[in-house]
Amino acid sequence: MHEQAHHYCVFETAGGFCGIAWSGRGITRFQLPTKTAAMTERLLLRRLAKGEPHAPPPRVQEAIAAVRRYFDGSETDFSAVDLDLEGQDAFFVKVYAAARQIPWGHTTTYGALAKGLGGGPETARDVGQAMAGNPVALIIPCHRVLAAGGKIGGFSAPGGASAKLRMLELEGVHLNAPEPAQRSLSF
């Protein structure tokens, strides 16, 4: 089987340097911002079997412009961006389709997504695994999916949960800070 090379580019946003990769069918990978172009490229290429730098075609330029608007704080909808999720688990693809329906400034939980897909509470873990393996974070807005009780949950992108909080705050979603594990003595 011949493995297709994916084209990619690294670009700057108000949030840092992002990376995007594409095939003839759509976006295959997206790298959330890091501080340097070199770091973004290195992280992006870890997840590409074959990658070649290339000038983005118009449809990818449109996605890049949308990402820049997003990190400038403008309400952005990525639902029209074509994706190429070839090779992804069929259940994960269903989870990703459901997550793409979560609009700007809104959140849901792993459990609510699982229930919406016809699964029970045990399926929430599978939804979490899908979010952790999301190849196009932001375009599939996994940052909008929270743990039970509206807790932040995990985030496998650079910066972890702090990056997830920053992205949600950019959208006007403010989560309460977690309660401290130990309260100070008041005397």
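Strands, as named in these legends, are DSSP runs of E at least two residues long, and helices are DSSP runs of H or I of at least four residues; both are numbered from the N terminus. The model shown in every view is predicted.

**View 1. T28 and H6 meet through their side chains.** T28 is a residue of strand β3, and H6 belongs to strand β1. A polar contact of 2.9 Å links the side chain of T28 to the side chain of H6. T28 is buried, its relative accessible area being 6%. H6 has a relative accessibility of 18%, so H6 counts as buried too, the cut-off for buried being under 20%.

**View 2. The surroundings of T28 and H6.** Neighbours up to four places away in sequence are left out of the list for T28, which touches H6, A21, W22, S23, L48, D84, P135 and V136. For H6, with neighbours within four places likewise set aside, the contacts are W22, T28, L48, K50, G51 and E52.

**View 3. The largest nonpolar core.** This core has 44 residues. Those that touch the most other members are I20, I27, F30, L32, M131 and L138. At least two core residues come from each of the strands β1 (6-13), β2 (16-22) and β3 (27-34), and from each of the helices α2 (58-71), α3 (90-99), α4 (110-116), α5 (123-132) and α6 (160-170). Helix α2 gives the largest share, seven residues. In soluble globular proteins, nonpolar side chains tend to be buried together.

**View 4. M131 and its contacts.** M131 is one of the core residues that touch the most other members. Leaving out residues up to four places away in sequence, M131 touches V95, Y96, A99, Y110, C142 and V145. Among these partners, V95, Y96 and A99 are in helix α3 and take part in its meeting with α5, where M131 is found.

**View 5. Helices α3 and α5 cross.** The two helix axes come within 9 Å and cross at roughly 80°. Helix α3 is therefore roughly perpendicular to α5, a term that covers angles of 65 to 115 degrees. On the α3 side, the residues that meet α5 are F91, F92, V95, Y96 and A99. On the α5 side they are T123, D126, V127, Q129, A130 and M131.

**View 6. L138 in a loop.** The loop that holds L138 runs between α5 and β6 (145-146). L138 has a phi near 85°, which is a positive value in a residue other than glycine. With 1% relative accessibility, L138 counts as buried. L138 is also among the residues of the largest nonpolar core that touch the most other members.

View 7. A disulfide is a covalent bond between the sulfur atoms of two cysteines. The number of disulfides counted in this model is zero. C18 takes part in none, and the nearest cysteine sulfur to it belongs to C9, 10 Å away. C142 is in no disulfide either; here the nearest cysteine sulfur is that of C18, at 13 Å. C18 is buried, with a relative accessible area of 0%. C142 is buried as well, with a relative accessible area of 5%.

**View 8. S79 between two helices.** S79 is part of the loop between α2 and α3. Its side chain forms a polar contact of 2.8 Å with the side chain of D77. At 41% relative accessibility, S79 counts as partly exposed. A99 is 20 residues from S79 along the chain, and the C-alpha atoms of the two are separated by 10.0 Å.

View 9. E62 sits in helix α2 and counts as exposed, with a relative accessibility of 56%. Between the C-alpha atoms of E62 and G51 the separation is 20 Å, with the two residues eleven apart along the chain. K35 belongs to the loop between β3 and α1 (37-46). K35 is exposed, its relative accessible area being 76%. The C-alpha atoms of K35 and L175 are separated by 25 Å, and the two residues are 140 apart along the chain.

Technical notes. Residues numbered from 1 in each chain as written. Predicted model: local features only at pLDDT ≥ 70, side-chain atom pairs only at ≥ 80, totals over all residues. Heavy atoms only, no water. Core = buried A, V, L, I, M, F, W, Y, C linked by side-chain atoms within 4.5 Å. Buried < 20%, exposed > 50% of the residue type's maximum accessible area, 1.4 Å probe, protein only. Contact = heavy atoms within 4.5 Å. Disulfide = S-S within 2.5 Å. Axes fitted to C-alpha atoms, helices over the stretch in contact; angles between N-to-C directions. Parallel < 35°, antiparallel > 145°, perpendicular 65-115°, else oblique. Polar contact = N/O pair within 3.5 Å; in protein donor to acceptor, adjacent residues only side chain to side chain.
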